[in-house]
Structure formats: structure tokens, C-alpha cells
Amino acid sequence: MLSEQVQAKTDRELKKYPADQKQSAVMAALRFVQDEKGWISSDDMADVAAYLGMPKMAVYEVATFYHMYNLKPMGKNTLTVCTNLSCTLCGAHDVLEHLEHKLGVGLNEVTADGKFGIREGECMGACVAAPLLTVNNKRICSHLTSEKIDQLLAELDKQ
Amino acid sequence: MINIEIDGQAVAVENGRTVMDAAHEIGKYIPHFCYHKKLSIAASCRMCLVQVEKAPKPLPACATPVVEGMKVHTHSEYAVKAQQGVMEFLLINHPLDCPICDQGGECMLQDVAMGYGGVGTRFTEAKHQVLGKPLGALISAEEMSRCIHCTRCVRFGQEVAGVMELGMANRGEFSAIMTFVQSSVDSELSGNMIDLCPVGALTSKPFRYTARSWELSRRKSVSPHDSLGSNLTVQVKNGRVARVTPLENEAVNECWISDRDRFSYEGLNSAERLTKPMLKQDGKWIEVEWQAALEYVANALRQIGNGAGAEHIGALATGTSTAEELYLLQKLVRGLGSENVDFRLRQADFSADGKRAGAPWLGMEVAEIGKADRLLLVGSFLRKDHPLLAHRVRDAVKKGGQLNVVHSADDDLLVDVANKAIVAPSDLRAVLTQILAALAESKQAMLSNDVQAAVAGVVPSAEARSIAGSLASGSNVAVLLGNFAAQHPEAAQLQRLAQEIAALTSAKFGFLGESANSVGGYLVNAVPGVGGLNAAAMLDQPRKAYLLLNVEAELDTANSQQAVAAMKAADLVVAMSAYKHGAVDYADVLLPIAPFTETSGTFVSTEGRVQSFKGAVKPLGEARPAWKVLRVLGNLLDVAGFDYDSSEAVRADALPENVAPALNNKLDGVAVSATANVAAGLQRVPDVPIYATDSIVRRAPSLQQTRDAATPTVAMNAAELAKLGAGCGDSVKVSQGQGSATLVAKADDTLPAGVVRVAAGHPATAALGAMFGTISVERA
């Protein structure tokens, strides 16, 4: 069962679409689940499918197609580093290396305390700010340097 | 009409059609993979790129609508270059493993690569690997690296099977066809995905690596498993049926067949096949020659006829027998002086006998179901009983039709149901009466005498009113009675009510039909005449001798307990069967007869379509076609008119040239009762599981491994179950009469109160009694 909050948010989303096209809200519903739990399990996908009256497999297709959905626990703070062309030219791989070194985990891994996870991301449409990463897909941290990354980690660590 | 030109050839097609349609119109081939005439357009493979004059780039023929004056080139240098380019891309990740691929020799990719592929590849990087997926017992998806992402299988699930079990997960080069978290593909139409797959990604699990397509000879046949009469191609290697695929017939099965039709062939090669005539002597079975067995049967029948009297001989056949077999069986029994012959073994109500205007049938053409705008489905496990008719119903609903359901179980039909009344079996009549009352009220119509008393003073429920409203608003209405309604103890009254409802809504009405010859059996008169006993009466008043044709008494009858008791008490039981089955316990003679692939014969489908077929292979061992066995028996017993030398000659006697005038669902003189049924205790709701319908299917190992073939449960709604102090998953004992079965309980809140759903036709429940009747349940 989806939590009440997720249901309420999804209901609000559903008002944007015709009543017979409930599946239009699938991306939003998955986002709400991830906001709540940090990731989307296959049980959650089945719940979303039941709630929107669509096949489970169709939800699974969406959840696996879009990169921003976490299909396994990715820590309290998922740091997604863009590795597309602009960011790579501006040193995205140095950013990754620094993160991995600092946190002691590799790509798609989570620190032992569950605070941080590192993912690779696709272009965020903000190449002017390269290299960059996002925190939980909500906050863009731009023009990254080693110092800025350390600062960010320290700040997130305190939360 | 839009006029276009393809490769210089003029063609006119309707507005809205595509270049691909136009090309097909003039028999022009455009290479393609994802395009399929029965599925929606995906335009994902790009193989059908063609040159269109004035278009700035090659266009996919399958997704390009025709425009007046369009000039298309399918084989110009420009088009071929585009097609070759696509082919090169498709082969980048496709393994070049044709010699070990099961699809080799009948592979679209292989064929098209021959025509449009290069001799080498410019791609030297590593090929992408995709892991195999477990999809269940029927479809093998071991080599998913071969998939070219045409999504035909996905679209088939969504659009035809009605359930999206396969999907394309992930993105870009990682995209792969799979099911939701490794679940199996459970659709009863899933096997069609094997045919649809243009490459060797989805292959038939039972057939894999047993034959190459060029080693197979193909014979036309007709499915014996349901009343639709799906057309089959039986493919034979070394005198054995190696596989079965659909034979396209737009009016019947389109280009699909159900998994039951497709995979049942495994049962034909079962180790349980009876291959020698056998006699029981001093409690022991011995193999004998045909001559000895038949003489024994003839003598025994003669003795009983002369002693106790011919009325002590009864003949029972299943509706899966051919029309020729049923005809000769009734002729033999009647020749002996008995009227006791019947093929309606699961039927409980025979009060319509003698009052019918003709043979009960579908009442319409199969294709008309898909065109109905209002449907009333009474008492049918539609998906499992008639997988392809369910597809026709889904089609009707997809086109805007409304489906109304009256039944005792609420199984998911994979379609939107507009209104439904799910009630206990004893209340089915009441619901139909209410619907009729609501219709009569709104239409101010006079009802016929048979139903007037029943309708008087009836206050329709809200559901009945909405169903009536739905039916009244249609212009092309179909009322369909399912197997459950035909097997119901008030079947005749249900039929009478349906007839009246149909009359008020100008609807066509009829029976979906239980088995391949549900209509044929009537046409060849394999039903008791005046003074004869019907299937139920023959078991209720045990006979001294029984002739069984394809019958497994413990599985094929309405009351298995009673049937087995009658068989055990009889002096002579002659089982004509393709298999050694439960009859070894009660029969005296086992005569090996040929199943449908080994004999010629005729099935008359539920829409009255007479379809004859020839044997695809020779009978196994000493098995013989049943019509020949019956002919010899007729001769040995000196019954006149048994000198047929071919099944065609039998058919000429058995069936009229034109059967249409003999089909009529009209029933007069069956009064619908005005008193309500009072249910005492829990009522049994029986379904015959899809893979338990007949003796061939029961012995098809792959089908028996599917979810649909799981051991039956005892399903009740949670409140009823709680009353027994049992929960979901507990073991419970169900009993009827002397027999009982211990099964697992299942909570199913879609079932009405007061009913217990226990399947029939399955060995696990064979000890139970009447399919419809009271049943007691206790914790085991």
C-alpha cells in the first residue's frame, strides 16, 4: 500500500489528467515514493500500478527507463555526478574520483553509515555550471572543486 | 479512396491506411519486423524504410499514411540503401549463431539478412549480452541477446491477450524484454508470442531442439479442445506430432491459437497411451488381438441385450469425439435397441430435451461477437473456457461495447466490465428474471407465457436494472450462455430467460459451447430419443453395460462419484480410449482408439461451421480410429447400415449438406419457476480448469506445469472462511456424499457468500459428487 502522503500527492497529480488516463501520473507517483523512501522497490512499483490501475510491467518500464529513479537504496543523500560531455571536459571524472576517495565507496555504492551514495548522471541541462552534481535530484551543486565537494559533504554530514 | 503509386504500379486504398497496407494490396513485399497486421504500429525496427518522392528522408512504410498522388519506391537504390543500413544496425548486437538457434530456417531476420545484409560487419566492438529470462513452462527466453526489440510480444500482450506481462525494461543499449520481477508469463494465449517473435529470442520450450522446420511436414487440422474449432497446422516429424501452430482463418481463430491448442500435442505422445486392446480376466489385464477384444464386446453386449434387455445398455461419449464417431455410436446403440446415448456428460438439467427447436449453438457467427456493442455473458469462465472468444469479447469492448456479466465467480476477464451481478448458483435464475423484469418494465413489452409468472411482482435490483439499461441501449446486442450456465441444474430455465431477454433487446443469443462437437453431437443425434436415458439418468439409474467413448468417468461427468459407482457396479464397461486411465479400475475391455491427429473426422463448431480434417500421423501402436472400431462392432452385432469404407461416407450419412437450418436456440414450453430457490448449506461453484478439460490436455506435461494447472483450491470469501475457523493456506476437507477431498483453502472476496469454489475435472476433486450442489467444508 502506498502511504497516505504519497496517495494524497498522487491524487493531486491525477487531477491534471483525464479520468481514464490515470497512468499519466506514473512518473509523479514514483517520484513521491522515492522522496519518501529514498528508493523504489518492486513492491512499491506494484503498489503504484495497483493505485493507477495499470500493468505492473508498465510501471517497471518507466522506473527502469528513467535514470533518476533509484532502484536500490542509495543512502540518505544520493550524489549524482553528471558525466556527459560538458561535465567530463570540465573534470567530472576528477569529481567522481574525489568523491569515491573521500567517501571510501565506488560508483553505485552507499557508505556504511548510509549517509551517502554515488551515482552517475546524465546531462542536467546546466552545462554552464559544469562540472556538477545533484543531491537527491533536487539540488544542483555547480562548478565543483575538491574544496567545494568537501564543504558540501561536511554540510550534508551534519544534517 | 486515395490513389498512390508503388514502384510505378497504381493502387487505390482507403484514407488512413498506410503505405504498407497499400503494398500488401498489390502483393508487394516490403521487409519488416515490428509490423504485424493484427498489432498496433510501433515503427521501431525501421526495416520497412522506403523512398517517397518529395520526402526529404526515407519513411517507414508501416507508419506512413497514404497521401493522394504519393509515389513510393520500395526497391530503388535509395530505399535499398536505407534498408541495408537498418539491417547492418540490427545485426550489430545480434549473435550470429543461426546454426544453433532454434528459429534457424524459419527466422525472419535470417531471411531478411539474406536479402539486405552485408557479407561482413564493420562493427568490431564487443557485442551486447542479454541474460535469459525464466518465463514459465511454455516459452523459452534463454537467448535474449537475439532480441531485436520489435516489441511484438509486448504489444500482443497489451492488445490481444489483454494483459501486459512482458515489457521493455531499461533504456538504450540496455533495454531488454522481460517480465515484472522474474514472474512467469501466465496468459492462456501466451504461445502466440513464439509465432510473433521474428527472431529466436522467444521459442517454444517443449519443441526446442527437437526438429528443424524443413524436417517437418505440415498437415491441416482442427482443435478438439474447445467449441471454437481453431484451425491448426499439425507439424510432423518421423510419424510423430512435433508441434502445433495456428492455421490462419480470419473467421475462426484469426492467426492465433490458445496455449491449450498449441501445447496439448505433448499428450499425444504420452507414455499413458493405450496401444493394444486389453481384456480384464480374473481381475488381471491381458493384451489381446483386436479380433478377440471386439468379439468379446459383441458377445457380452448380445448377452446383456438378450438377457436383461437392450435398455440396460448405455453409451456415453465426450463432446471431443468426432461427429462420425458420435454418429456411429448412437447408430450402434439404437441398432441394439437402446435409446440410451448421450455426449453431454457435464450437463445436469435435461428438461429442455424434446422442447428444442434445433441444436443449441452460438446463435451468431464468431466474428459477430467482436462487433457487438452490448454483451450479456451468463455463467462463463470465459477466459479459461474459451480463450479466443474472450479475445473477441475484449475486441468488442475495445471498440466501445459494454460487457455485462452474470456469474457466480468474478474472475478477471482482462476487460472492463460495465455491470456485473455475481451471485450464488441458486440465484442465477433470479438475477436473469430481474433483468427481464426491468426490461419488460422499460419497454412495456408483453412477455411470453413461459416467463410471465416468474416475472410478475419481481422488483429488480440495482445491478439488474443497470444491466437491463445497458442492454436496452444497444443496437447490436449479444447474449451468451457459458459452460457454467449450460451445466447449471436450471440450464433450461436460464436458456428460456436468455431467449426472452434477447427477444426484448433484439439480441442474438446462444451457447458458447463446451466442447469441439457440442453442436455436432446434437446434429448426429447422439442424444437419447423417446424413452431413452440421458447422461445423468444413465448414471443415476445404473445400467448393466456401458460403452464409453473417450470418457474418463471420474473426470468428464457432472457427478464423478456417482459415475464411478455406476461403472463399478456394471457387468460390462467397454472403454474406447486413447489412454490407459481410471477405467483400468472399472472397465472390462479397453479398446485403443486414435486421438484427433490420428483419425479423420469432423467437428461442428459452436457457430455451426462444419470442419473436417484428416489424420496427420498413423495411429500409435495398434490404436485404430474409433469410427472403424464402431463399424466393426456394428458388423459383428449384425446391425444394419454399418458398411462404411471411409469416414467421409459416415459423414455423408451423419450430417446434412447444410447444417444451418438445424441450428436453433429457441426453447418453448419450459416454464420459468416463480418460486425462489432456497439454498441449504454451502453451494459448490465448479469450474473445469483450462488444462483439465479433456484427456489429451490432462496428459500434456508442459501445460500441466503452468499456473493454470495448479492443484485446485477451496476458495471462499474471507468471511465464510473465518466462520470455519480457517484461513488462507490452511488445509480443509470438502465433502459431498460419501467422498471428500483435502485441499488448500483460499480466501477470495470476489466470491459471493454461501459458495465454495471447487474445480471439477481434476483428479484431486474426482472423489466429490455433483458439480452443482451442496458441499460441506471443515478444517482438516
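The contact between the two chains takes 13 residues from chain B and 14 residues from chain A, where contact means heavy atoms within 4.5 Å. Chain B and chain A bury about 1,100 Å² between them. Buried area is the accessible area (1.4 Å probe) that two parts lose on being put together, summed over both. Carbon and sulfur atoms carry 67% of it. On the chain B side, Met164(B), Arg171(B) and Phe180(B) lose the most area to chain A, together 63% of what that side buries.

The model is predicted: local features need pLDDT of at least 70 and side-chain atom pairs count only at pLDDT 80 or more, while totals for chains, interfaces and linings use all residues. Residues are numbered from 1 along each chain as its sequence is written, chains are lettered from A and ligands numbered from 1 in the order in which they are written, and side-chain values use heavy atoms, with hydrogens and water left out.

Open space was examined next. A pocket is an open set of points on a 1 Å grid over the protein atoms alone, with protein on both sides within 12 Å along at least five of seven lines; a cavity is a set where a 1.4 Å probe fits but cannot get out; lining residues have an atom within 4 Å of a point. Grid points are joined across faces, edges and corners, and a volume is the space filled by probe spheres set on the points.

The largest pocket has a volume of about 1,400 Å³. Its lining holds 48 residues, with Asp186(B), Arg383(B), Lys384(B), Arg707(B) and Asp708(B) nearest its centre. Both chains supply elements that give two or more residues: α4 (56–65) of chain A, and α10 (382–385) and β19 (402–407) of chain B. Helices (H or I, at least four residues) and strands (E, at least two) are DSSP runs, numbered from the N terminus. α10(B) gives the most, with three residues. The lining divides into 23 nonpolar, 10 polar and 15 charged residues. Here Ala, Val, Leu, Ile, Met, Phe, Trp, Tyr, Cys and Pro count as nonpolar, Asp, Glu, Lys and Arg as charged, and the others, Gly among them, as polar.

The second largest pocket holds about 790 Å³. Of its 34 lining residues, Ile194(B), Asp195(B), Leu196(B), Thr245(B) and Pro246(B) are the closest to its centre. β13(B) gives the most to this lining, with four residues.

Six cavities of 30 Å³ or more were found in the whole structure.

Gly319(B) sits in the loop between β16 (313–317) and α8 (323–335) of chain B. Its relative accessibility is 6%, so Gly319(B) counts as buried (under 20% relative accessible area, 1.4 Å probe, protein chains only).

Helix α12 (residues 428–443) of chain B has 16 residues and reaches 23 Å from first C-alpha to last. That is close to the 22 Å expected, taken as 1.5 Å times one less than the number of residues. Because 12 of its 16 residues are buried, α12(B) is largely enclosed by the rest of the structure. Just after α12(B), Gln444(B) takes a positive phi of about 55 degrees.

Methods. Buried < 20%, exposed > 50% of the residue type's maximum accessible area, 1.4 Å probe, protein only.
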